[in-house]
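Trainee: Could we go through this model together? I'd like to start with the strands and then move on to other things.

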Amino acid sequence: MRNFNVITRQHPDRTVITVSGEIDLHTCPQLSQAATVIPLGGKPLYLDLSDVPFMDSSGLNLLIGLRRRLHAEGGLLAVTGLQSQPAHLLELTDTYELFAAEAALAARSTNER
């Protein structure tokens, strides 16, 4: 089993969670916990997946649930650094554009502050 790490950094205008390792049924709880304890208050959350080579359907479910939570709080979820397999999963499920558009909005929101 590969190492799985989640690093959270809070900035005045955004929160960044950097993930390394595979996002699957076994690692989702750790990522979910990191995301739920963060008080976002309408700020964008950047989820950097540059070091995530694999994500299964439980990871996709987590992303969709996290996006819903952020929207309810007036925030945005920006998924960045997608490698080929996680990007392909989002494309297959017609959610890629959803997260790509969200990333663009979050970047614009952060730059306007």
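Trainee: Which residue is the bridge partner of I7 in β2?
Mentor: That partner is T18, and strands here are DSSP runs of E with at least two residues, numbered from the N terminus, as are helices, which are runs of H or I with at least four. Before we go on, keep in mind that this is a predicted model, in which local features need pLDDT of at least 70 and side-chain atom pairs count only at pLDDT 80 or more, while totals for chains, interfaces and linings use all residues. Residues are numbered from 1 along each chain as its sequence is written, and side-chain values use heavy atoms, with hydrogens and water left out.

Trainee: OK, and in which sense do β1 and β2 pair?
Mentor: They pair in the antiparallel sense over 6 bridges, with β2 covering residues 15-20; two strands count as paired if DSSP finds at least two bridges between them.

Trainee: What's the strand order in the sheet?
Mentor: It is an open sheet of 4 strands in the order β1-β2-β3-β4, with mixed pairing. The edge strands, each pairing on one side only, are β1 (5-10) and β4 (77-80).

Trainee: Where does helix α2 lie?
Mentor: Helix α2, residues 57-72, lies across β3 (45-51) and β4, and runs at about 145° to β4. Such angles run from 0 to 180 degrees between N-to-C directions, with axes fitted as lines to C-alpha atoms, for helices over the stretch in contact, where contact means heavy atoms within 4.5 Å.

Trainee: Switching topic, how many salt bridges are there?
Mentor: The count comes to 2, taking a salt bridge as a side-chain nitrogen of Lys or Arg within 4 Å of a carboxyl oxygen of Asp or Glu. R14 forms one with D13, the closest N and O atoms being 2.8 Å apart, and R69 forms one with E73, where the closest N and O atoms are 3.1 Å apart.

Trainee: And is D13 buried or exposed?
Mentor: D13 is buried, at a relative accessible area of 17%, because buried means under 20%, exposed over 50% and partly exposed in between, with a 1.4 Å probe and protein chains only. R14, at 24% relative accessibility, counts as partly exposed, and E73 does too, at 36%.

Trainee: Last one: what is I23 in contact with?
Mentor: Leaving aside neighbours within four places in sequence, the contacts of I23 include F4, L31, L49 and F54.
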